[in-house]
Amino acid sequence: MGFQNTETKNSGNIHFGMRIERKATVPEVHYKITLCDGTSCIRKQSKQIHQILDQELRKRNLKEVVSVHLSGCLGMCAKGPILIINPGYVMYGNITEADIPEIVESHLVHDTPVARLMVEENHLYNRFFRIFGDVDFFGKQMRITLRNCGIIDPENIDDYLSVRGYEALAKVLTDMKPEQVVSEVKKSGLRGRGGAGFPTGMKWEFTAKQPAGEKYVICNADEGDPGAFMDRSAIEGDPHTVLEGMIIGGYAVGSSRGVVYIRAEYPLAIKRLEKAIAAAREHGFLGQNILGSNFSFDIEIRLGAGAFVCGEETALIHSIEGSRGMPRPRPPFPAVSGLFGRPTLINNVETWANIPVIILDGGEWFSGIGTQGSKGTKVFALAGKVRNTGLVEVPMGTTLREIVFDIGGGIPNGRKFKAVQTGGPSGGCLPEPYLDTPIDYESLAKAGSIMGSGGMIVIDEDSCMVNIARFFIEFTQSESCGKCAPCREGTRRMLEILTRITEGKGCPEDIDKLERLGAMIKKSSLCGLGQSAPNPILSTIKNFREEYEEHVNQKKCRAGVCAAMLSYTINDNCVGCGACKRACPVNAIDGTRKEKHHIDPNKCIKCGQCYSVCKFSAVAKA
Amino acid sequence: MVEMAQEKMDELRTFIAACMQKEYSDSYLIAVLHKAQELFGYLPVEVMDEVAQRMNIPTAHLWGVATFYHYFNLKPIGKYVISVCLGTACYVKGATEVLEAIKRELGVEIGQTTADNLFTLHEARCLGACGIAPVIMINDKIYGELDAKKVVALINQYRKTAQVA
Amino acid sequence: MDKKITIYINSKEYKVSPNQTIMQAADHLGFHIPRLCYHPKLSIEGACRVCIVEVEGMRNFVASCAYPVSDGMKIHTNTQELRRARRDIVELLVDNHPMDCHTCERDGNCELQRLASSMGIRARHFVGQRKQYGRDLSGQAVIRDPDKCILCGRCVRMCSEIQQVHNLTQAHRGFDTVVMPAYNMPMAESVCTACGQCINVCPTAAFLEKNYTQELFEKLNDPNLIKVAQFAPSVRAAIGEAFGLEAGHNMEGQLVAALRKLGFNYVFDTQFSADLTIMEEATEFLERIQNKGKLPMITSCSSAWMKCMEQFYPDLIENISTCKSPMSMQSALAKTFFAQKIGVDPKKIFSVAAMCCTAKKYEAARPELDVEGMRATDIVVTTREIAWMIKSAGIDFLNIEPETQDHPIGMSSGAGVIFGTTGGVMEASIRTAYELYTGQTLVDIEVESIRGLKGIKEGKVVMDGQEIRVAVAHGLGNACKLLDVVRKDPGRYHFVEIMGCPGGCVGGGGQPYAGVNSIPLDEDALMKRAEALYSIDRAKTIRRSYDNPDIQKLYKEYLQRPGSPIAHKLLHTHYKQKFPQGIIPKEALK
């Protein structure tokens, strides 16, 4: 695998006679600090840390020799705020304002890294990106989409240029005919990263083959799965890659207009995108006669307004057109009749971000990564009951086990692994036997889940599978656009049935009803939202049927999650201290001092206060 | 107050006029609604009427769009959203008295916003803080062990903070 | 001719034309795939999923209304899995429906009911929460019952695509989606023109006309009142369908007899005042031509169009003929001329109109149409309502002995008959205007170019060397298109006829519901209704309004001449701009 090709190259910005100008050269510095400026770190006060850092550097006259970069999400949100000091690739995590003077004094002045703040486990070496090779979390990862995230300052186009930014565009404009670009993308085997996994090259070809005239290129940045933030991080960390991909796409299919449709809930990403577009225009990467060629292309940003279904391409188009974001039947496909009735190429953020690399290093190189049917890498937002949470980019074919246990570091608190949920509300829950499933479109589908846009939630034995299924259907149900009957009515009925089951009011037929409704909704719904909404339920019924049956037949929730099925009792450990009695908000506990207390099950509202205040493990939950 | 509204309206008109210059001007409806909400905090009916007329978009279409997207508020939302927990524990411990006290103090019913746009009152299902019932949540903060008197004091505290800011 | 392709339906091979949907191909081959949101005149929604079929090689079912056929396609329309899926989908719709069929106005005439029956839904598996919004009874003509709505979207598409009134939208989303006017405002305050086309296309009872049948029965039993009836031309051409007849039967005589049996003392005919309208309108038109008045003159018979004009085209008010609609002329005469003639207190006259129209209910309530302080038309009922009343009263409509209308305001010429179809008013006016202008009789009186269901039709006649250019539009959407032309080029036409409903009054919002396996506003049915009217016209010996002896008598005895001061007082009206919620006065926008 030709990894060396993608390593940072600072020379050779002149590509086939086309010069990409760089504005300033970076001054000689001793240390380069990268501070994660992703949304999650900002919430954890990274802005204040930046300020304090600036003050400290000023105080010690280090401003000249230490450069500070803000980067997009580094993907280690669990350990944020993150700060990296180069050379040495020392990564600090969970830092606070108070830690800054110490880091500056010790590391920058005395060249002694502060051990207690360092993110540990420095044994794996990633030759793909040495810079991230120090930490196990990044060990099995392979960064293509996120290759620049954390390395460059996303608000500085020169930084992007220094990592071969816009070189792919220059190559395309000077050296390649549009058909060649399409065939390179086809050769790469890249498939859509938005969820369905449609071969990207074919999509490009369809659009390119439409009669010339007004055509559109759209970047779908309406990321909406709960817990997923791959696209946000990619845009926040490296907006130019996405833009470059789109411009190349425009050239390939004969379009001069691009639109990024991004959720209004991502203000930072929007800001960076706006900045990047302005800078790209200034540098002649966008606008009339790009880089002196006769190809013109410009990009405009359109905001969503809080509708998950707008991630579906026809709904997204309606939303850009200023209408209710409701899907329509296909055909015609957007490639034939899309935005404003014109041929339209829609890809999601991650797909676009792969394009420049494919052009630079070739479709063949790209197709060498991954599995037979699924090429390249995939970014996942790893969350849930796992030690390391954050963004993970791995080559296709990596197993779920590798992600959960090697990269994710396994389940915390000594709990047992129960399942991993992929594909967000459209995906399924896979239990232990599926852990060695390689991650690719076909294998995941065969296992009863989907790749989806890349959410990955780890579930341990403390979670109730019925409750989890209920959570996901509650989400899709509330995001159903309401157009087609199976999704609008059917998901509501599924939610009602699941609610009934979790409240201990289910009956055995309810499980059959869920399966029957689920199968119908999957096959009959108008769009992907409805067609995949039953997946979390169907897969949990398939893999955890016994939990459903326990809920229904024995009114028992083995994970102790479904409150209605819990009962609290006081056992012989009770010393009669009275703490539980005082804590009970509904006076359900009775007992004299220094004697064993009792809970009146008729009064108890199962709030669990007694359980948490008892110091003698005398309150039992079952 | 009226003048400010006028100024905001003018800003919106300028924004709409700019959108109308562009191709496929209808497609800027969502952008215009974003702008209107940014200016007014929500989408007042008079504003929607004017947007529809100026953009030459049927009012019903605009209404369909405004109600489809969760981002748009159709009623004013106060600076502080008070959610009163009416779960069993809170109910037993006097949540209704707390709720009545808030209603009296603010002069609003559930779902409404005070005239000064400071408070919006909601009811909530169990907030999971039964141990300190009755509780209310103001924006993201939870306050427990309240009674009618304490809650009024709490509201006054927020009023003061708002004045300072 | 397209090259035929081969498809397989349920494993049988068929040759079909390409460029059509699976549903279209199946229809021709005798497979009626069940359907709900589909309507041939409206855009494809693909929402109800009732018309799903299985296509081999496709992962999911496809909506046959939207999916095109292709060569070699293997389609299955009736597998067990499909049957079950369709059944479950329809059950889901039923589960979110009041299921009060016995007390519902569309009992026995409801597409959902029929579908549930044909799907074999004999038990309900998925009962749960049901929507409960309550009815909006504010409108004078159209009432809205969102609880019965199954969100097929036909009304919304009708209102915006065909009528271009854009009063209705789907609001909110998901399970909470509701069809409503902007801001969920009452229909009475909205831009609704009361055309009633939403009622026509609704598969259930989510839209209905405001029902006056009980009130009318009460009045018919009041011995102190003199009950006079009139009925519109196209009621006779369509009412038979409510009794199971094919479209296109003229039931005029039966209707007159039935109205008498219901208790009306006098049965007149709106066609009489249609003749009168022609006299007044043709006179007004010639006056405008001769005195260089505002042109083009635009007809004013259609009540939905009048409301539409007052809110969307106020700049054209001066172009609108000042003539009242035939219904209102008829009622005005009933309470003046006729009352005088039979020597009773006009207050005792109770004037009822049976109309193909829902908007006429709205028109009847317009205060400016009052005559001497009295409401001119006391009650308007639709074709559907009058048909129900006839059934309810136990009248054997189909076998009844036909009767004729009463004098002095019940007889009509052929010109009055064809008012009921698009182009009819124009054609009738031309017949009279030609005679009044040239002093000669127009020999070739059937004006083909303005007949038929083309959305906008143009024609011309030469009168004494002057070319008169006319245009005709039916359906408010076509009207808007035509009027935009008029706005840009006011000199293009002299005379414009506008009818608010598709096909004119024959396609009115109050006409009988489509029967089993037929489509609301089916073009064939509209054409047959129109043809019924044209055949009545052809059969008449008197085919020009001014030849109607009762009309001549009326002018002689009472109105003096067309356009006289008394004619103006009784037969003409005025219009003014309206500002329903959502329409802001131009000045306020500056």
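Two strands pair if DSSP finds at least two bridges between them.

**Ground rules.** I'm looking at a predicted model, in which local features need pLDDT of at least 70, side-chain atom pairs count only at pLDDT 80 or more, and totals for chains, interfaces and linings use all residues. Residues are numbered from 1 along each chain as its sequence is written, while chains are lettered from A and ligands numbered from 1 in the order in which they are written.

**Confidence.** I checked the scores and found ipTM 0.92 and pTM 0.88.

**Chain A, overall.** I counted 24 helices and 19 strands; helices (H or I, at least four residues) and strands (E, at least two) are DSSP runs, numbered from the N terminus. The radius of gyration of chain A is 27 Å, close to the 25 Å that the globule rule gives for 622 residues, so chain A is as compact as a globular protein of that length. For the record, that radius is taken over C-alpha atoms, and the globule rule is 2.2 Å times the number of residues to the power 0.38. I also noted that the C-alpha trace of chain A spans about 90 × 65 × 40 Å along its principal axes.

Buried residues make up 56% of the 622 in chain A. Here a residue is buried if 20 or more other C-beta atoms lie within 10 Å of its own, exposed if 12 or fewer, and partly exposed in between, with C-beta atoms placed from the backbone.

**Strand S15 of chain A.** Which strands pair with S15(A)? I found S11(A), residues 377–384, running parallel to S15(A) with 4 bridges, and S13(A), residues 417–422, antiparallel to S15(A) over 5 bridges.

**Helix H21 of chain A.** I found 8 of the 9 residues of H21(A), residues 535–543, buried, so this helix is largely enclosed by the rest of the structure. Among the buried ones are Pro536(A), Leu538(A) and Ile541(A). They pack against several elements of chain A, including strand S14 (428–431), helix H17 (465–479) and helix H22 (545–554).

**Chain B.** I counted 7 helices and 4 strands, running α-α-α-α-β-α-α-β-β-β-α from the N terminus on. The radius of gyration of chain B is 20 Å, well over the 15 Å that the globule rule gives for 165 residues, so chain B is more spread out than a compact globule. Buried residues make up 37% of chain B.

**Where B touches C.** I found 15 residues of chain B in contact with 14 of chain C; contact means that C-beta atoms, placed from the backbone, lie within 7 Å. Which element of chain B gives the largest share of its side? That's H4(B), with 8 residues.

**Helix H9 of chain C.** At 1.5 Å a residue, the 21 residues of H9(C), residues 270–290, should span 30 Å, and the end C-alpha atoms are 30 Å apart, which agrees. The expected span is 1.5 Å times one less than the number of residues. I found 15 of the 21 buried, so H9(C) is largely enclosed by the rest of the structure. Lys292(C) follows H9(C) and has a positive phi, near 55°.

How values were computed. Contact = placed C-beta atoms within 7 Å.
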